[in-house]
Every structure is written in C-alpha cells, then in structure tokens.
Amino acid sequence: MNFSETDRLILRSWKPEDLPLFAEMNKDARVMRYFPATLTYEQTESFYNRIQSEFKRNGWGLYAVELKSAGTFIGYVGLHEIGFDADFTPGIEIGWRLAADYHNQGLATEAAKEVLKLAKQKGLLRLYSFTAKQNIPSERVMQKIGMTKVGEFEHPNLPTESPLIMHILYKIEL
C-alpha cells in the first residue's frame, strides 16, 4: 500500500522482499556510522517486525521508501514511538535511514517533509527527532524540515564512555 508520493519517492508499506535489502543497508558501516554498531540479519529482522507491529497498532510508522525512477527500496523515513525514558518521552520521533548510495541528494528531506504532512493528517501534534551530536547530515535534515533545536541529552541506552552518548534534540509542533 502506498501512503504518499513525492516528486522522486514513494512512501509505502514494507514488503517481504525489502528485508534482505534492509539487512544489507543496516550492516553497511557508512549507513551506521552514527550508531553504536551495525546490525546483524537477525537484528534487522527483529526491527522489521517491530516496524510492522507499530503500523498495525497505530496506523503509522517507519515508511519504506522507494525510488520512483527505479522501483528500488532505498530505506525508510517515518514515525516511531520513542523507546526510552527521557524528559521528552513518551513521544513520537520522525526519523530516517537511507542506503549510503542515496545520501546527500535531498531524498531524506523530501520524504521527511511528506511524513510531516502524513503525521498532521493522523492528528499528531508534536514530533521529535534526535541523533548523535556528530551526525551533522541528519541535523541538517531536521533544520530543513522546519524543526527547532530544543536541547541536548545523554542517550540512556548508550554507555557513558560511548563517543555517541551526547545527542541533539529537535522538535516541531504540527
């Protein structure tokens, strides 16, 4: 099922054939450089199943993103329940992860702007986005879609010695 389209992208439901491509993407060090580790196939499969559950529960989630011109799965952009305790949770985040070959082409921004429209249609009032402080490309996407930086925090799921522990936090009211 297609949820929406942009000039270059289709935001759609996940298909079983996306899983191997998703697993390849999640084990690519370029894609996962701002995460603690790459993911195994089993970890990706578990994540895929959580994404499917979230769609069933909420009617929204992390949308599979397909490049219109090639019909190719290139990653996800969408909405996700924040899965840890912080002073801004419970809440919903807007997030993205694209295969490395599709970085720096404005695709995450294009899809994220569309997801903001979908979130508003679903009656959501506020979204957050966060990433490791070093992740300047993702921070630029947050800024381009109209989000405002509201602070920084230590990610509770990371060890205190992790170079990625400090995260930036952005917010948007819909």
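Helices and strands are here DSSP runs numbered from the N terminus, and a pocket is an open set of grid points with protein on both sides within 12 Å along at least five of seven lines. In the predicted model examined here, helix 2 (41-58), strand 4 (72-81), strand 5 (92-98), helix 3 (107-121), strand 6 (126-132) and helix 4 (136-144) each contribute at least two residues to the lining of the largest pocket. The volume of this pocket is about 1300 Å³, and among its 49 lining residues Phe35, Tyr76, Trp96, Arg97 and Phe130 are the closest to its centre. By residue class, the lining comprises 25 nonpolar, 16 polar and 8 charged residues.

The second largest pocket has a volume of about 160 Å³ and a lining of 13 residues, of which Leu21, Met25, Ala99, Ala100 and Tyr102 lie nearest its centre. Two or more residues of this lining are supplied by helix 1 (18-26) and by strand 4, with strand 4 giving the most, namely 4 residues. The lining of the second largest pocket divides into 7 nonpolar, 2 polar and 4 charged residues.

Strand 4 pairs in the antiparallel sense with strand 3 (residues 62-67) over 6 bridges, and leucine 67 stands opposite threonine 72 of strand 4. The hairpin formed by strand 3 and strand 4 has 4 residues between the strands, and within this hairpin glycine 71 adopts a positive phi near 70 degrees. Strand 4 is also paired with strand 5, again in the antiparallel sense, over 7 bridges, with glutamate 81 placed opposite isoleucine 92 of strand 5.

In soluble globular proteins, nonpolar side chains tend to be buried together. In the present model, the largest nonpolar core has 47 residues, and those with the most contacts inside this core are Trp14, Leu79, Ile94, Trp96 and Leu127. Helix 3 provides the largest share of the core, 8 residues. When residues up to four places away in sequence are not counted, leucine 79 touches Glu54, Trp60, Gly61, Leu62, Tyr63, Ile92, Glu93, Ile94, Val115, Ala119, Leu124 and Leu127. Another core, of 7 residues, lies apart from the largest one and includes Phe88, Tyr128, Phe130 and Phe153; of these, Phe130 is also listed among the residues closest to the centre of the largest pocket.

Note on methods: Residues are numbered from 1 along each chain as its sequence is written. This is a predicted model: local features need pLDDT of at least 70, side-chain atom pairs count only at pLDDT 80 or more; totals for chains, interfaces and linings use all residues. Side-chain values use heavy atoms; hydrogens and water are left out. On a 1 Å grid over the protein atoms alone, a cavity is a set of points where a 1.4 Å probe fits but cannot get out, and a pocket is an open set with protein on both sides within 12 Å along at least five of seven lines; lining residues have an atom within 4 Å of a point. Grid points are joined across faces, edges and corners, and a volume is the space filled by probe spheres set on the points. Ala, Val, Leu, Ile, Met, Phe, Trp, Tyr, Cys and Pro count as nonpolar, Asp, Glu, Lys and Arg as charged, and the others, Gly among them, as polar. A nonpolar core is a set of buried Ala, Val, Leu, Ile, Met, Phe, Trp, Tyr and Cys residues joined through side-chain atoms within 4.5 Å. Buried means under 20% relative accessible area, exposed over 50%, partly exposed in between (1.4 Å probe, protein chains only). Contact means heavy atoms within 4.5 Å. Two strands pair if DSSP finds at least two bridges between them.
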